[in-house]
Amino acid sequence: RGQVSWNRAMEEVPTQTFERYRKSGVFRHPSAENVRECELCFRGFDKDGDGFLNKEEFHAFSAELFSNNKQSYPLSAEQTDSILRLLDTNKDGRLDLNEFKTAWFYWLRQVLDCKSALIVVDMQNDFIDGSLAVRSCPAREDGTAIIPTINRLLESVSFDTVVYTADWHPANHCSFVDNVQLREIHETSEVSADNAQVMDTVIFASPYTFEQKLWPAHCVQDSHGAEFHPDLKVLEDHILVRKGLDPDVDSYSAFWDNMKKSATPLVSELAKRHITDVYICGIATDVCVEFTSLDATEHGFRTVLIEDACCGVSEEGIKETKRKLKEAGAVLVQSSEVPDMVDCQDRPPQLAYQAAVNVAMATRAAKSMHSLHNNMT
């Protein structure tokens, strides 16, 4: 009788299920109706009706889920097995219905009902046509060339949140080459204060020992150079993150200063808005964009770099940044791909894997808290 009931349920579910679930809200609350949808989907892919998704069944499930304009991404068994291992909490090599329910409300929600933020990094006058214009750096990339691309994204893509970041340095900031004499140079520094030039790295001895790359004075608080470029579209409703305010610490990332001494409010602001995915663009690819992107992945956001909406300092640096980001689990795309990704029509397996990592980490943390509570009581 059990086998008949499973087979009946399988007939109720079409195999091309995911389009009807996309952005539908079916993953947001464990209501009776949403749980029923979850169970129907599970049974639809449980082809042998044994109450589990084995590796082959989960691979078939994933092959349908990870698609781009209704075409499946090519998937290896190794890729789907790695996701299955993360979702398989009892480590028996398959998903039972309870594990699938957890995946439904936490993993599939990120894949099929994501919430996205665009982070526009440091599109300020000094970086575009001022004292530290990227066009004057070794890669010779023009910051004005990416403004129309960023504006198109802001105008045409329905991001849930938009973040603008800005360097906001005091005049005595440690990164300014003209200020190199203001701090003691450490004896191990290969570059002396007298010989220091732009893009050299020195080691300061005070107020503590730290390495610092030197730049021209830029984005000084309340200066024209610190303002956003006049051609950049700035939405009324946005989050503004100012960084680099401490004179003795540089701050490339929108999340942390370079020493990880203090955090910006960005993580809490994104968490308040239930953001799962961040799309990053701006200046410079191999400096502030890189640091922001890497920190985003560390904080568990599914991270996407929009390559044609970024400018960098050096060709070697840009190449190395892209390598680091891919290694960290970020996805690199062109701006033309972004609308379908934000709308969950384009679902790359790399981002689904990152979502599974997030769920596995949260599950472990919840178990640890539960164990701690039991021990205390």
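Mentor: Start with aspartate 122: it is buried, with a relative accessible area of 0%. Buried means under 20% relative accessible area, exposed over 50%, and partly exposed in between (1.4 Å probe, protein chains only).

Trainee: What kind of model is this?

Mentor: This is a predicted model, where local features need pLDDT of at least 70, side-chain atom pairs count only at pLDDT 80 or more, and totals for chains, interfaces and linings use all residues. Residues are numbered from 1 along each chain as its sequence is written, and side-chain values use heavy atoms, with hydrogens and water left out.

Trainee: Back to aspartate 122. Where does it lie?

Mentor: In the loop between strand 5 (116–121) and helix 7 (125–128). Helices (H or I, at least four residues) and strands (E, at least two) are DSSP runs, numbered from the N terminus. Aspartate 122 has a positive phi of about 55°, although it is not a glycine. Most residues other than glycine have a negative phi.

Trainee: And histidine 274, buried or exposed?

Mentor: Exposed, at 54% relative accessibility. Its phi is also positive, near 60°. Histidine 274 sits in the loop between helix 9 (266–272) and strand 10.

Trainee: What about the peptide bond from serine 206 to proline 207, cis or trans?

Mentor: Cis, with omega near 5°. Proline 207 is in the loop between strand 7 (201–204) and strand 8 (210–213). Another cis bond joins isoleucine 283 and alanine 284, with omega about -5°.

Trainee: New topic. Which residues of helix 11 are buried?

Mentor: Gly317, Ile318, Thr321 and Leu325. They cover an arc of only 100° around the axis, so they are on the same side of helix 11. The arc is that of the directions from the helix axis to the C-beta atoms.

Trainee: What covers them?

Mentor: The cover includes helix 10 (285–298), strand 11 (302–311) and strand 12 (331–333). Contact here means heavy atoms within 4.5 Å. The face turned away carries the exposed Glu315, Glu316, Lys319, Lys326 and Glu327.

Trainee: What follows helix 11?

Mentor: Glycine 329, with a positive phi near 105°.

Trainee: Last one. At what angle do helix 4 and helix 5 cross?

Mentor: The axes of helix 4 (residues 55–65) and helix 5 (residues 77–87) cross at roughly 105° and come within 9 Å. Axes are lines fitted to C-alpha atoms, for helices over the stretch in contact, and angles run from 0 to 180 degrees between N-to-C directions.

Trainee: Which residues meet there?

Mentor: Lys55, Phe58, His59 and Ser62 in helix 4 meet residues of helix 5, among them Ala77, Asp81 and Leu84.
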